[in-house]
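Let's take a walk through this structure together, one piece at a time. Have a look at it first, and then we'll start where two chains meet.

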Amino acid sequence: MLERMTKFSLDRPKTVIGIVLIVTVLFGLQFPRISIDTDPENMLKPDQPDRVFYNRVKKDFGIHDLIVVGIVDKEGIFRPESLERVARVTSQILKIKGVIIEDVVSLTTTDNIKSSGGFLDIHPVMREISLSSKAVDQIRVDIAENPFLHEKIASVDGTAVALYIPIQKKDMSYRIAKLIRAILQRELLPEQTYHLAGLPVAEDTFGHEMFIQMAVVAPLAFMVILILVFLLFRKLAFLLPVGMDAMFAVIWAMGLLIGTGNTVHIMSSMIPVFLMPIAVMDDVHVLSEFFDRYRVLGDKRRALLEGMQPLYRPMLFTSLTSAAGFASLALADIPPVRVFGLFVAFGIMAAWLFSMTMVPAIISLMSEEKLKKILSEEEGRSSILDRVLKPIGRFAFSRARTVLIFALVLVAVGITGVMQIRINDNPVKWFQKGHPIRVADSVMNRLFGGTYMAYLVAEGKEPGSIKRPEVVDYIGRIQTSLEKSQLVGKTSSVADIVKRINLVLHDNDKAFDKVPDSSEAVGQFLFLFQSSGDPNDLDNFVDREARRANIWIQMKGGDNRQMSAVESDLENFIKTNPLPDGITLHWSGPTYINKVWQDLMVFGMLKAILGSFLVVFFLMMIGFRSLTLGLLSMVPLSVSILLSYGLIGWVGKDYDMPIAVCSSLSLGLGIDFAIHFIQRFQVHYAKSGNIDETNRYMFGEPGRAIARNAIVISLGFLPLVASSLTPYVTVGLFFALLMAFSTISTLFILPAALRIVGPRILNGGKS
Amino acid sequence: MILVMKKAILGVIALVILIVGQAFSEETAEQKMPLSAVRIIEKSQQAFYYQGDDMKTNVTMELIAKSGGQRTRVMSMLRRNATEGGNQKYFIYFHKPGDVRRMTFMVWKYPGKEDDRWIFVPAVDLIKRIAADDKRSSFVGSDFTYEDISGRDVAADTHSLLRSEKLAGRDFYVIESIPQEPSEYTKRLSWIDKKTLLPLKEEYYDVQNELFRVFTADKIENIKVGEGLDENVFPTVTRRTMKNLKTGHRTEVVYSSVSYNLGLKDKDFSERHMRRPPRSWIR
């Protein structure tokens, strides 16, 4: 069947190439419809309970995504000329479309409620643009005295102020951030520096850098692959079919992805880079075999047909297993991961189809003279690979037991490492250290109350529940308890508002810095607060019916582990401080949501990897028609996966999104070497009947093909290391490592194992 | 003070204007000589915020969120015009929501400077003076600002008459007002009914030059004042809406039991009455 396809391609090469080209153009035409999605929330399905709850929280409490601007003045921010610049910057930022004007928190836009001279004094913290130094001192005192402003709009050390800029939509943040930067660059004094932080900036910047990565890293990977192929085979003629295969596979996969209306998420942006090295693997086998035969036969058609004969099965199976490995990602509950897996799988099968049809068609169109010339050039070069491979083969074979015992030790080491794996992620860390976003993140979190938001929602059974004094007081005590942690910078809630109003109504008498004891008083204080400033300020903390309250928790770090630590702090508090009647607490907010999807990711990936392990194993059993060979083929890859993940554990690198994704890919790809090795071994042993001789044969041409492919695929992922985004770097490094482990364990363990069990399970010398 | 030919003086730094309250005489005045934009705004403010010597009404405010969630405020509002300078005194007593019942606000309004404000908080039995210069801040959490309730200093904006317009059978002046000092809006367009001089629609543009608030007068009633020869009619906006287009939030206000010229005294607007308002005020 497959052979007939190849034959057809050889008979009608131009038709086949033409059809492929037309389809490729059709897929390529989808590209302009690309839409990028960088919102980590989309890692959760739209109906995922935590996401649904978070959306309700955002709606009910009028919460928008925030860009946080920090302005640091090394000569001290509390100087008239310094604050004047801040005020000018603020008024210009308000003019940017998409900024929610009335909710901007800053010196000039936020009211301070204080008691002064018997008055209830409600004014913006900074009323005028030009100030006396006395007025500046007063501003500093005002901020320090109001827990709502302290550590929020100015740093404790007096070197920095912050502006909190809510925006209408997350996807506006890149544009708005750019305009804000321009304003800051124009207006700030030389001694003033600025930082932009906040999740939307990180996410949107990430999206834009993703575009760049796709435009830079993918072509770079393409070049590297072509160079590698050239270096390994020294045949320029290889580059055309290999290059076309890789490029078309990418166009097909991405074209289908975009054409079917899927968004390009961080995951799917990696498709080209993943697909290209995988796509060329089959071609490398086809071309190696073709040239071997062509040298003997001198006939293109026959050389192709005969060369491909022993490859149909392993190529089908390696492609199927790789595709199955990626497709198993569809088992994960994370939509972008599913999309990624399915479309890479599609691309792999497309590449396989090209290897069966388009690649032979291209070769058949090459001129005989050129091919002959390539052959003559090649004569007489001895391969470095041979000098490495032969000793490996001899060693693994003669010291079979030692090799296997050593492998067992490594497995044990790997397992211990895996047990130490720490699951953790933080989207800000998707940027390299030194990236402005990382710098802003650390500066802002050092100076202010924390830029990572989590929300704790207290919910009562009936309207007005929140106004019960014991509920307000309990909320206040939760805050005090959570703020003891180093991870929590600042918290704000309705309790702060109620206490503040009580205090200022009573002329700053410290005895009234507490929650009053009637719910009427609470209600009237809230009404007073709402009547005196921006009504949205209250809505952020209490819903309309006063049935629910929102506690804002500003964290100093956005790591999942840090979120979990704060959650367990709360659990401990609840244990010793029982909740008021009818009140329940729920976590939400961006930092919490990130933790949720990453937890889902870990278990989703675990499910995916187990699923694909079974699928691949099943395919192997069918392929080899043997349970033992099926099992044996899984050994090198299991060892390499355990080792790679063990290393992650030992090194102490966080198990994050990119690492999780690598796991299922490694299954589909790592098996390729084993398939080729066992298949070739099986076939040759059937002919020769001599296990020793078969092993020596294996470390000749088949070993070289495996090693070459291993080099292409390991180094082919390395261009990712050049990326400015850490998920790419991680994937590139980790994958290179995994493939290297996989190659080594294949080349050592399989000969060792086959020496011991081979004669029993393989039929020798029967044909 | 004579009721038919009523004198009110809009004290706007240097402006003291005498206004003729009768629709008939206004129309003839206009026929003779076109009104300037400033004059139109002044007259409109007069008709909208200064009608009569004093006024009392029950106010129901519905604060309606984009999602449809609704909050109700019910209050009694009294207003008295000072004899000069455009100063006014306001008294607001809250009936609803339940937990704020008996709270009162008192505002002594001065067009050119910071108002005096007081609040009475019954739960702690305290009257507090409030110092706040931001007349553009929200009135009791609604989409209306203090200025929308009590009027904005005419001299705070530069006014220009853009055009006259006929809409739904009525003639309007369309006036553009640009604040002199930075404000939360950068431009206001007012559609002022030529007959009653009431603003029937206002559009507010923010610093991003985007329309963000729209005011509409939805119902106008003629409130009868005086008896016999002194009888007069004050066209009064009894139903109005302010909609915030950016948040989707809107506030609908209904005035009921409107009465004018009750003979309120200046000294009635006192701290004593904030604690214990006369029964007739809050009925």
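Strand β3 (residues 119-124) of chain A and strand β6(B) run parallel and are joined by three bridges. Strands pair if DSSP finds at least two bridges between them, and both strands (E, at least two residues) and helices (H or I, at least four) are DSSP runs numbered from the N terminus. In general, strands of a sheet pair through backbone hydrogen bonds, either parallel or antiparallel. To find the spot, look for A:D121, which stands opposite B:A131 in β6(B).

Before going on, a word on what you're looking at: this is a predicted model, where local features need pLDDT of at least 70 and side-chain atom pairs count only at pLDDT 80 or more, while totals for chains, interfaces and linings use all residues. Residues are numbered from 1 along each chain as its sequence is written, and chains are lettered from A and ligands numbered from 1 in the order in which they are written.

Now back to where the chains touch. How many residues of chain B are in contact with chain A? There, 28 residues of chain B meet 29 residues of chain A, with contact meaning that the C-beta atoms, placed from the backbone, lie within 7 Å. On chain B's side, β5 (116-121) and β6 (126-131) are the elements that give two or more residues. The largest share, five residues, comes from β6(B). By type, the chain B side divides into 15 nonpolar, six polar and seven charged residues. Here Ala, Val, Leu, Ile, Met, Phe, Trp, Tyr, Cys and Pro count as nonpolar, Asp, Glu, Lys and Arg as charged, and the others, Gly among them, as polar.

What does each chain look like as a whole? Chain B has five helices and 13 strands, and of its 283 residues, 36% count as buried. A residue is buried if 20 or more other C-beta atoms lie within 10 Å of its own, exposed if 12 or fewer, and partly exposed in between, with C-beta atoms placed from the backbone. Chain A has 28 helices and eleven strands, and 54% of its 767 residues count as buried. The C-alpha trace of chain A spans about 105 × 55 × 45 Å along its principal axes. Of the contacts with a separation of 6 or more, residues 24 or more positions apart account for 82% in chain A and for 47% in chain B.

Next, find a sheet in chain A. Three strands make an open sheet in the order β4-β1-β5, with antiparallel pairing. At the edges are β4 (160-167) and β5 (192-197), each pairing on one side only. Neighbouring strands are turned by 20° against each other on average, direction ignored. Strand β1 (residues 65-73) pairs with β4(A) over eight bridges, and A:V68 stands opposite A:Y164 in β4(A). Two helices pack here. α4(A) lies across β1, β4 and β5 of chain A, at about 5° to β4(A). Helix α6 (residues 173-187) of chain A touches β1, β4 and β5 too, its direction making about 20° with that of β1(A). These angles run from 0 to 180 degrees between N-to-C directions, and axes are lines fitted to C-alpha atoms, for helices over the stretch in contact.

Stay with α4 (residues 80-93) of chain A for a moment, as it holds A:R88. Is A:R88 buried or partly exposed? It counts as partly exposed because it has 16 C-beta neighbours inside 10 Å. The C-alpha atoms of A:R88 and A:E187 are 7.5 Å apart, although 99 residues separate them along the chain.

Chain A also has an open sheet of four strands, in the order β8-β9-β7-β10 with antiparallel pairing. β8 (488-492) and β10 (584-588) stand at the edges with a single partner strand each, so one side of each is left without a neighbour in the sheet. The twist averages 25° from one strand to the next. Eight bridges join β7 (residues 452-459) to β9 (residues 548-555), and A:Y452 has A:M555 as its bridge partner in β9(A). Helix α3 (residues 49-60) of chain A lies across β7, β9 and β10, running at about 95° to β10(A).

Finally, look at a pair of helices in chain A. The axes of α7 (residues 199-233) and α8 (residues 239-259) come within 10 Å and cross at roughly 150°. That makes α7(A) roughly antiparallel to α8(A), a label for angles over 145 degrees.

Definitions and conventions: Angles under 35 degrees count as roughly parallel, over 145 as roughly antiparallel, 65 to 115 as roughly perpendicular and the rest as oblique.
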